[in-house]
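Hi everyone, thanks for coming. I'd like to walk you through one structure today, so please take a look at the screen.

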Amino acid sequence: MPRFSPTHRYVADPKVMSAFQPDSFIVANVVPSPNFDERDGGRPPDIVLLHYTGMKTGEAALERLCTGASKVSSHYVVFEDGRIVQCVPEEMRAWHAGVSYWAGETDINSRSIGIEIVNPGHEFGYVDFPLRQIAAVISLCKSISKRRGPIRADRVLAHSDVAPSRKQDPGEKFPWELLSDSGVGHWIRSAPLKIDGVTLHPGDRGEAVARLQRGLREYGYGVEESGHYDDATRDVVIAFQRHFRQARVDGVADPSTLLTLRALLDTRPVK
Ligand SMILES: [Zn+2]
């Protein structure tokens, strides 16, 4: 059974789970999770997937991620003060993505390293991410890239990018710009909100909607090119805005959203 240290930090029972050596020296401590298995496909992971914990406290989230019955885990948890805890060795598949899709692939757990960032999330009072926490996330991403070979900038993703109809995390407060400033992730300054042009709305049909879907799909999002701005398309537009056009997250493909998508496609890194 789990036990609690005098500081109320969750620690695994050493008799139940054996600790492992952390993958990086920037890890403060290892709290092993039983929730992992072998990666499928025989290729090393080349996606970094960012989450928020979405629970009232980081310690409660860590406990859940390290309890067998929850069937969820992540490789890392980054606390508000920048403390990094590792729960699953990078070579193993942690269970954080769930049903998901990116750029033709559906087993995102096999393809990725998962980082849970402590924040109560939309359900429990979404707050700004402290700078110390973001600095730790940046250091961790750089450490992963340094040790494993470069992770392509456009494969540092939000959970909401790969599961847009189910997930909101890490959400529109997550400072992708700061990561980009430090060389982590693909991000550009979004086009201004007030510019002229065509706006596409949920419910619309036609070639312009198909073009939007094609663009989103080309970037990696899981959306069909049906020419119908259906609920799934709206969810993907919302996910896109949470990541790339945070000033307004409403699922409406306004000119700013469309231009930002175009600029991202034009600047994405080549393989
Ligand atoms: Zn998540």
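Let's start with confidence: what is the mean pLDDT of the protein, and what share of its residues reach 70 or more? This is a predicted model, and its mean pLDDT is 94, with 93% of the residues at 70 or more. Residues 1–7 are another story, with a pLDDT below 50. In the model that stretch has eleven contacts beyond near neighbours in sequence. A word of caution here: where pLDDT is low, the predicted coordinates should not be read in detail.

Now to the metal. Which residues coordinate the zinc ion? They are His51 and His159, each through ND1, and Asp169 through OD, at 2.1 Å.

On to the packing. In soluble globular proteins, nonpolar side chains tend to be buried together. Here the largest nonpolar core has 52 residues, and Leu50, Ile115, Leu216 and Tyr221 have the most contacts inside it. Helix α4, residues 131–148, provides the largest share of that core, seven residues.

Is Ser256 buried or exposed? Ser256 is buried, because its relative accessible area is 0%, and the cut-off for buried is under 20%. You'll find Ser256 in helix α9, residues 255–267. A polar atom of the Ser256 side chain lies 2.8 Å from the backbone oxygen of Ala191. Beyond four places in sequence, Ser256 touches Ala191, Pro192, Leu193, Ile195 and Arg245.

Arg214, in helix α7 (residues 207–219), is partly exposed, with a relative accessible area of 33%. Which side chain joins that of Arg214 in a polar contact of 2.7 Å? That partner is Glu225. Arg214 also touches Glu207, again not counting residues up to four places away in sequence. As for Gly227, 13 residues along the chain from Arg214, the two C-alpha atoms are separated by 9.4 Å.

That's my tour, and I'm happy to go back to any part of it.

Terms used. Residues are numbered from 1 along each chain as its sequence is written. This is a predicted model: local features need pLDDT of at least 70, side-chain atom pairs count only at pLDDT 80 or more; totals for chains, interfaces and linings use all residues. Side-chain values use heavy atoms; hydrogens and water are left out. pLDDT is the predictor's confidence in each residue, from 0 to 100. Contact means heavy atoms within 4.5 Å. Donors are N, O and S atoms within 2.8 Å of the metal (3.2 Å for Na, K and Ca); water is not among the atoms, so sites may look incomplete. A nonpolar core is a set of buried Ala, Val, Leu, Ile, Met, Phe, Trp, Tyr and Cys residues joined through side-chain atoms within 4.5 Å. Buried means under 20% relative accessible area, exposed over 50%, partly exposed in between (1.4 Å probe, protein chains only). Helices (H or I, at least four residues) and strands (E, at least two) are DSSP runs, numbered from the N terminus. A polar contact is a pair of N or O atoms within 3.5 Å; within protein, one must be able to donate a hydrogen and the other to accept it, and residues adjacent in sequence count only if both atoms are side-chain atoms.
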